[in-house]
Structures are given as structure tokens and as C-alpha cells.
Amino acid sequence: MTETSRSLDPQDWSSLRANGHRMLDDMLDYIEHIRERPVWQNIPDEVRGKFQQALPQQGGDLAAVHQRFMEEVLPYAVGNSHPGFMGWVQGGGTPVGMLAEMLAAGLNANLGGRDQMPVEVEKQVTQWMRELFQFPDSASGLFVTGTSIANFIAVLVARTKALGLESRRQGLATSPHRLVAYASVGAHACVSQAIDMAGIGIDALRLIPVNAAFEMDIAQLEAAIAADRAAGYTPFLIAGTAGTVDVGAIDDLDAIANVAQSQGLWFHIDGAYGALAMLSAEIAPRLKGIERADSIAFDFHKWAQVQYDAGYILVRDGQLHFDTFATPTSYLKRETRGIAAGERWPCDFGPDLSRGFRALKAWFTIQVYGVEQLGQMIAHTCELAQYLRQRIQQEAALELLAPVNLNIVCFRYKANAQINADELNRDIVFELHESGIAAPSTTKVDGQLAIRAALVNHRTTRSDIDQMVDAVLRFGAKLTQ
């Protein structure tokens with residue numbers, strides 16, 4: 001065997017090109033004709049069984065593996081690219097993002113650091129996010145897998161702010177402070193998970209009740225902080241939510257900012273999907289106060305429709321962010337010349353040293369579509385939510401369970417006294433999924449199981465809303481007979 005033959009590059013580049021063009025065309029066909037497919041379909045046992053094979057010892061044919069993907073993987077995806085996918089807050093992706101992801105994969109850049117243009121692309125997106133959220137030039141930003149990790153990073157920076165840099169070496173055990181944080185009962189579970197992973201403990205997160213609009217109750221927040229101080233605890237962080245996962249509520253961010261400022265607490269915003277409503281001139285005013293945050297976590301892969309995964313953390317105090325994570329070591333020494341040039345690398349702002357080129361697909365998306373078109377798309381999904389609300393209110397068999405703030409609608413099919421309403425609506429959702437017509441999810445609103453439609457996909461239209469509502473009525477009538 002020659003040295004050249006040990007490479008994993010193909011012996012026949014023309015054949016690889018032909019296969020590559022076919023793969024690209026197949027995926028573009030998939031996106032172009034996505035409406036002709038069911039949103040989701042059950043995986044047959046025989047297909048699932050094919051993925052229980054032993055580790056391959058010998059190589060196979062690329063075209064054959066691609067064919068397996070087309071027949072055994074692609075038809076059984078979760079369906080979030082489909083306009084009928086309304087279950088969880090997941091973006092639909094775009095052809096532009098797909099092509100950008102291909103370019104990033106071909107470049108295979110590791111964005112842990114070093115002097116390379118991909119890092120400058122990520123810095124460009126950070127500059128744009130500073131502008132969007134009115135943060136200072138000294139603010140720092142970082143692409144991560146998603147808001148779960150972005151929230152975790154924010155908690156760690158806030159912890160460093162509260163306990164000082166020595167806490168990085170000494171940990172929490174030597175600190176006399178018993179840290180506590182605050183979020184609403186409607187906050188995503190990843191906020192409590194972040195408090196847990198930071199070593200502070202889930203019980204240290206005080207869950208504040210919400211008002212009739214499902215927003216954090218400010219009076220109860222202030223009372224909880226006062227009670228904790230009186231009991232000897234050290235409040236250090238308030239996590240507001242811009243777009244709660246259940247009903248899409250937005251906390252009164254300006255009021256929370258006032259409390260955080262007066263109490264000397266870190267003001268973090270979990271804006272997983274709602275923060276990027278700032279792209280819409282119509283919706284942005286509802287986020288008043290977001291510009292006062294100390295940190296904001298959000299996902300480009302939700303409302304901005306960037307391909308998965310593309311989470312982001314923006315921190316007002318870039319120096320504190322750097323101090324929280326920077327770990328000088330000899331093998332990461334910064335130089336004045338060569339590839340290792342540069343003072344601050346992305347790995348200085350988060351836990352990952354090996355990082356993919358996530359920024360490229362976000363950069364492409366913003367460059368190609370522009371803020372105006374992205375903002376109009378976001379506003380349109382909110383308009384669709386209002387249309388769905390109207391449809392629900394026009395149907396005697398349906399009832400709305402929560403106010404429609406942004407693009408999430410929670411409702412249910414009414415049941416008579418002889419039928420368990422929660423089981424009925426759960427079964428309606430099962431029927432919807434298995435029919436391939438639409439894919440909403442379920443949640444609990446005031447103790448009642450709701451059909452939850454999250455209208456995030458840029459491909460969704462009124463026709464898709466009508467098909468989903470008509471199917472709910474049809475399945476509801478069938479199940480109650």
C-alpha cells in the first residue's frame with residue numbers, strides 16, 4: 001500500500017463530485033417539495049432494526065450509503081423543516097443555511113482560536129448583535145450549541161461577579177455566601193439546570209409566581225429577594241424570560257432591570273427564541289428593557305431559521321466574561337506572529353476548545369436575507385398566531401387556554417363530563433402526528449393539558465393553520481363519539 005493510498009481522499013475525484021452533486025440535488029429537492037411529504041411518520045420496525053448492525057470493518061460504497069440515507073433516514077426525521085411542524089420551538093432552516101453549512105464543513109475550521117478569518121466572521125456577528133441589542137463595543141459574544149449552554153455560561157459569569165475571581169480556584173465550598181437566583185415559574189428548565197451545573201444547587205433558584213399575563217410578578221420577586229437577604233442568603237442573579245416556552249409570554253424586562261439595578265444583581269435574559277424578535281420593528285418594542293441586560297442567551301436556529309445548531313451568548317462586561325473562562329496554558333500560548341497570533345481567542349469565553357464554524361451559517365443568513373426580511377418573517381409568524389387564535393374563538397368545540405403574546409397558541413378541544421379532557425387532547429395530538437398533517441405538542445396551562453402550536457417555521461401559511469384546526473375538529477369529533 002502506497003503512502004498516498006492511505007489518505008481518506010478519493011482515488012476518483014470525478015466520481016466523488018458526481019455523488020456530491022447528487023446529494024446536493026437530493027437535499028434541495030427535499031426542501032423544495034417538503035409540503036408534499038407528511039410532517040412526521042412512524043419508523044417501521046424493519047428500518048429501525050437496520051441500525052443495530054455491528055461495527056463495519058471494511059469500507060463501503062458512497063452511493064450505496066447515500067441511498068440508505070435517502071430511504072432509511074430522511075423520511076423519518078422529526079419534521080421541523082415542514083410547514084406543518086408546530087410542536088416545539090424549532091426553526092425550519094433555509095436553503096442558504098444548508099449551503100453555508102456545506103461550506104463550513106468543507107473548510108473544517110476549528111474555531112477555538114488562532115489567527116484565521118473564520119474567527120473574524122464570528123466577531124462580525126458579535127458586532128451585529130451588539131448593535132441589535134444596543135450593547136457597548138466592549139461586550140463579548142460566543143456561538144454555542146444552544147441556549148441551554150448559553151444560560152449556563154451566563155450563570156458562571158454572574159457567579160464570578162458575585163464571588164470574585166478567586167472562586168474559580170477555590171470553588172464554592174470556601175465561600176461564606178449562599179447564593180440564590182430568581183426566575184419565573186414559566187422559565188425554561190435549562191435555567192434551573194444551569195444553576196445546578198454551576199454547583200449552586202437547584203433549590204437556590206427561587207421560582208417566582210406569574211400574573212394573569214404569565215409574566216413574572218414583580219412584587220413577589222422583590223418580596224423574595226428581601227426575604228432571602230433577611231435569612232442570610234446572597235441574591236446574585238435574576239433570569240427574565242423573553243418568550244416563555246409554554247405560552248410565549250415576555251416578562252416585564254424593564255421592571256426586572258429596575259429591580260436588578262436597585263439590588264445590585266446580575267440581570268440575565270433567557271431569550272432562546274424571543275430575543276431575536278428585536279429583528280422585527282413591529283415586535284421589538286415588546287422587549288423594552290432587553291438592552292439593559294447584563295447577558296442575553298438566544299438561538300439563531302429558532303426564529304432566525306439558521307440551521308442547527310447555532311446558540312449564542314452575549315455578555316455586556318466582556319472583560320468579566322473573559323476572566324471567567326480564560327485558562328492560560330503553554331500549548332495555547334499566544335504569539336505576535338504566525339498562526340498562533342492574537343490576544344483573545346473564542347476558547348477564552350466558554351468551556352469549548354474545539355468549536356465548529358457555526359458563525360458562517362448565521363453570517364450567510366443575515367447577509368443574504370437582511371434584517372428587514374427576517375423581521376418581516378418573524379412578524380408574520382405572530383400574525384399567523386393571531387389568525388389561529390381567531391379560528392379557535394370561532395369554533396364552539398375549541399377553547400383558548402392562554403393569551404397569545406407572540407407566536408405560541410395554547411388551546412384544546414372541549415370535552416363533555418363523561419370524557420377526560422386531558423386524555424382526549426393528548427390523543428388528538430397523537431392522531432395529528434400519525435396522520436402527518438400537523439405536529440403540535442402538548443403542555444400544561446393552569447393544570448390543564450393544552451394543544452400547543454408554536455408557529456416558528458417561515459414556511460407556515462394560513463392554509464397550514466386551517467388544515468391543523470380542521471384536523472383537530474375532525475379527530476376530536478371522532479374520539480368523542
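How much space lies in the largest pocket? In this predicted model, the largest pocket holds about 650 Å³ of space. Its lining consists of 27 residues, and those nearest the pocket centre are Met27, Ile31, Ser81, Met98 and Gln307. Of the elements, α1 gives the most to the lining of the largest pocket, namely six residues. Sorted by class, the lining of the largest pocket comprises 15 nonpolar, ten polar and two charged residues.

Rolling a probe the size of a water molecule over the atoms shows where empty space is left. The count comes to one cavity of 30 Å³ or more. About 30 Å³ of space lies in the largest cavity, and the residues that line the largest cavity are Asn151, Val155, Val191, Ile195, Leu237, Ala239 and His268. At least two residues of this lining come from each of α6 (147–163), α8 (189–197) and β5 (234–241). The lining of the largest cavity divides into five nonpolar and two polar residues, with no charged residue.

Aromatic contacts form a further set of features. The structure holds ten aromatic pairs. One of these pairs joins Phe143 and Phe300, whose ring centres lie 5.3 Å apart with the planes at 25 degrees; planes under 30 degrees apart count as stacked, so the pair is stacked. Phe143 belongs to strand β2 (residues 140–144), whereas Phe300 lies in the loop between β7 (295–299) and β8 (311–315), so the pair ties together parts that are 157 residues apart in sequence. Phe143 and Phe300 are both buried. In a second pair, the rings of Phe298 and Tyr312 also have their centres 5.3 Å apart, but their planes stand at 40 degrees, so the pair is tilted. This pair links distant parts of the chain, with Phe298 in strand β7 and Tyr312 in strand β8, 14 residues apart. Phe298 and Tyr312 are likewise buried.

The ring of Tyr233 has the charged end of Arg178 sitting over it, 4.1 Å from the ring centre. Arg206 also lies over the face of Tyr233, at 4.9 Å from the ring centre.

The strand arrangement includes an open sheet of five strands with mixed pairing, in the order β1-β11-β12-β10-β9. Its edge strands are β1 (85–86) and β9 (398–400), each of which pairs on one side only. Strand β1 is joined by two bridges to strand β11 (residues 439–445), and β1 and β11 run parallel. Within β11, Ala439 is the bridge partner of Phe85.

Notes. Residues numbered from 1 in each chain as written. Predicted model: local features only at pLDDT ≥ 70, side-chain atom pairs only at ≥ 80, totals over all residues. Heavy atoms only, no water. 1 Å grid on protein atoms, 1.4 Å probe; cavity = no way out; pocket = protein on both sides within 12 Å on 5 of 7 lines; lining within 4 Å. Points joined across faces, edges and corners; volume = space filled by probe spheres on them. Helix = DSSP H or I, 4+ residues; strand = E, 2+ residues; numbered from the N terminus. Nonpolar A, V, L, I, M, F, W, Y, C, P; charged D, E, K, R; others polar. Phe/Tyr/Trp six-rings, centres within 6.5 Å; stacked < 30°, edge-to-face > 60°. Buried < 20%, exposed > 50% of the residue type's maximum accessible area, 1.4 Å probe, protein only. Lys NZ or Arg CZ within 6 Å of the ring centre and 35° of its normal. Pairing = 2+ DSSP bridges.
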